Amino acid sequence: MDPEGPQALCDLCLAQVCCSLEALCSKRADGSMSLIWAPLFPPELADRLLQAMASKAMLNDATVGIFRDSKELRLRRASIRRCVMSAEAFRLALCPHRLLELDASWASEGLTGASVVSGLVSSPACRLNLQKLSLSGLHLDWGSLEDGCVGFSSLRGLKTLHLASTDLTDDILEDVCSLPHLESLDISCTPISKLSALLQCKNSLRSLIAHRLRQLNMSPSRLFFVLSQLDALRHLDFSDDHFGADDLDGRDGDEVARQLLEGSSQILPSLVSLDLSGWKTISEAALAAFVESRRGLLFLGLLDTGLSSSHVLTAQRNLKVTGEANENQVCEALGRYTERECFVQKALLHLYRLTTDADRAQPDTLKLVLGAMKSHPSSLQVHLVATACVFNLTTQDLAEAMPVTLISSAIAQLLHAMKTFPNHQQVQKNCLLALCSDYILQDIPFDRYLAAMLVINWLSNHEDATLQRMAVAVISILVAKLSKEETGKLSQDVVFMKQLLAIVQQKAMVGVVDSTLKFALSALWNLTDEMPSAARSFIQCQGLELYEEVLESYYNEPTIQQKILGLLNNIAEVKELQADLMDEDLLEHILILLKDTQVEVGVRYFAGGILAHLTSRAEAWTLDQELREAILKQLHESIITWPHLEREMVSYRSFCPFSPLLLTHQPSGVQLWAVWAIHLVCSQNTSHYSSMLEKDGVTELLKALAAHPDTHDDIKRLVGSILCMVEGGAQRS
């Protein structure tokens, strides 16, 4: 059950619009798309459509063109975060709207801070109404603006500005700080050298994020003086992550952090949130004095300071803390530091330790981990720990207690990690451990074809026995769950087939019987099920010769024999490939298995299937006729003695391969095998197979058999039982 319930109708509709965008649009001369017809969208809905397109990575110069129609699609809060878009496409599609907010962080394809600001300023509505602008991660390219006529100060209504990880300069900061209503500013990871410009907005600035400012050229006393003048400030982030090996010793920053803690409560009197994560020389006494003097304090950032377990924090019930003392602190860190790779990595390391023996579902925590992976898609250090955390949070029955959509997202991120870091053994191991779950592999929707390809590609380059067992187990289940189209596509990959055959050969050479061998055989069996191209590829890869050897050497291993004979049965169903099985020694060996009453019925069943298919076409039989007659006689004699089985032995995607065997002119041994097989599966799952009989036209064939005067009584008896089951199932439904 999915605790979150079904998706909202609005989300489903927007997803459908995204999927059908080509059909809903016409093309302009410049290649951009325009909706053929659109209703008048409420601004909130237009914003969500843009966001949906961005989240699906389908927002580009062509698709963003639908928003040029600013009358029907009216944007107010636009996000093109991490999208690929040119400055011209941005100007034409987004700037005509009366935007209140714009997030263009980490966008690419020629979109710069200067082009964004220039476009916004060209729109009178944006120039007056825009309140929030995020340009983090962009190249500002301020020199491209004409004579400095355009700047941030032209956006007179701006209250919030994010410029983290940009090439922000002291001169641009001066321009920013002249904004009359500026309340929130993020200048993290920028090369600015002075903060004196902040004094211009000291009466309006309520939030300052100044994380990892490594090129500041101010004395600690001067820096502290500037910060202490920001009387309206409620949130100050002066953290540092010490990410690079070339980092400075940070003594000036440590001194400022100490002064902030030890200063009078009259300094920054409005402050309720302070982040000093990363500064390691802060004393516990200074922290205690600060906390006790600030009764209205709501947040403290103390990750990687060594102080997050301080006793002074335990009494503060309303105080949120980032740190490593407990899971709440770690989750707070993951939620707040999404874009900060070093902090994310440290938080994940602590989360892994805290969740190693998790015994309850934690969907909110898993969401935070997935958010970290999405924010750092190419970071090995983040994914190395994050994939281990995903395993901890979804292992055993924990995944079953979480929303299906969340687990599906988790698997998508694991597959991304496998694809991005194909040669990192620990990342691959973490992903395989998480994937190796019956619930996930069987019930959770995800790209199983991609998963199968990623696992087999990794397997072809590694020989670790433990990982090989897990990988083959995963592949075995994945192959069984693929659509017919996906299986066909997979069967064309010779590497996939050869890798599985190599594992079978490796195990057979030493005569071992283990789960790896069984899973590899199952995968090959499923891969060739009603898939002639896969059966042909199997033969071309010398699989038939290998299987003949394994069939003889594992005579006393029924589970191995059943899987081998099952695959040979798949080949026997293909008329064009039956000639490859016309080997007297092979068929005589299979005939011995059919006769041997000491052999399990499952083995004899598949042996009978191979022989029934091969003898059903008298015109294609190329061996001695006496052998064919002996086989046909033995088929009837053996099958009629088989007991009814309660356990499920086999399942079928369709009954189409049975149709030729049920024709009235077929020998009774051939007919009996097919009828016995149908009777078996119908008795075990009547409702499922009854509809399949009708759909595949088998019901009419069975009725024809029952009515034909030459049909053997043994066959008529089973056919009558099948038809009764079908009729009974139809009446109940």
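Residues are numbered from 1 along each chain as its sequence is written, and side-chain values use heavy atoms, with hydrogens and water left out. As the model is predicted, local features need pLDDT of at least 70 and side-chain atom pairs count only at pLDDT 80 or more, while totals for chains, interfaces and linings use all residues.

In the UniProt record, an unreviewed entry, residues 372-726 carry the annotation "domain: Protein zer-1 homolog-like C-terminal"; positions from UniProt are given in the numbering used here, feature names are shortened, and annotations may be inferred rather than shown by experiment. The span is 70% helix and 0% strand, and its end C-alpha atoms lie 53 Å apart. Helices (H or I, at least four residues) and strands (E, at least two) are DSSP runs, numbered from the N terminus.

Next come the charged pairs. Side chains of opposite charge can pair when their charged atoms come close. The whole structure has 22 salt bridges, each being a side-chain nitrogen of Lys or Arg within 4 Å of a carboxyl oxygen of Asp or Glu. One of them joins the side chains of Arg91 and Glu88, at 2.7 Å from N to O. These two residues are separated by about one helical turn because they stand three residues apart in helix α4 (residues 87-93). Arg91 is partly exposed, with a relative accessible area of 37%, and Glu88 is also partly exposed at 42%; here buried means under 20% relative accessible area, exposed over 50%, and partly exposed in between (1.4 Å probe, protein chains only).

Another salt bridge brings together Arg214 and Asp240, at 2.1 Å from N to O. Arg214 sits in the loop between β8 (207-209) and α8 (220-228), and Asp240 in the loop between β9 (235-237) and α9 (251-262), so the pair ties together parts that are 26 residues apart in sequence. Arg214 is partly exposed at 22%, whereas Asp240 is buried at 3%. Asp696 and Lys695 form a further salt bridge, at 3.3 Å from N to O; Asp696 is buried at 15%, but Lys695 is exposed at 63%. Elsewhere, salt bridges link Arg81, Arg82, Asp103 and Glu339 in a network.

On a 1 Å grid over the protein atoms alone, a cavity is a set of points where a 1.4 Å probe fits but cannot get out, and a pocket is an open set with protein on both sides within 12 Å along at least five of seven lines; lining residues have an atom within 4 Å of a point. Grid points are joined across faces, edges and corners, and a volume is the space filled by probe spheres set on the points.

The second largest pocket has a volume of about 720 Å³. Its lining has 25 residues, with Trp525, Asn526, Met649, Val650 and Ser651 nearest the centre. Two or more lining residues come from each of α20 (465-481), α23 (515-527) and α26 (558-572), and α26 gives the largest share, six residues.

The structure also holds one cavity of 30 Å³ or more. The largest cavity has a volume of about 40 Å³, and its lining residues include Phe224, Leu260, Ile267, Phe290 and Arg294.
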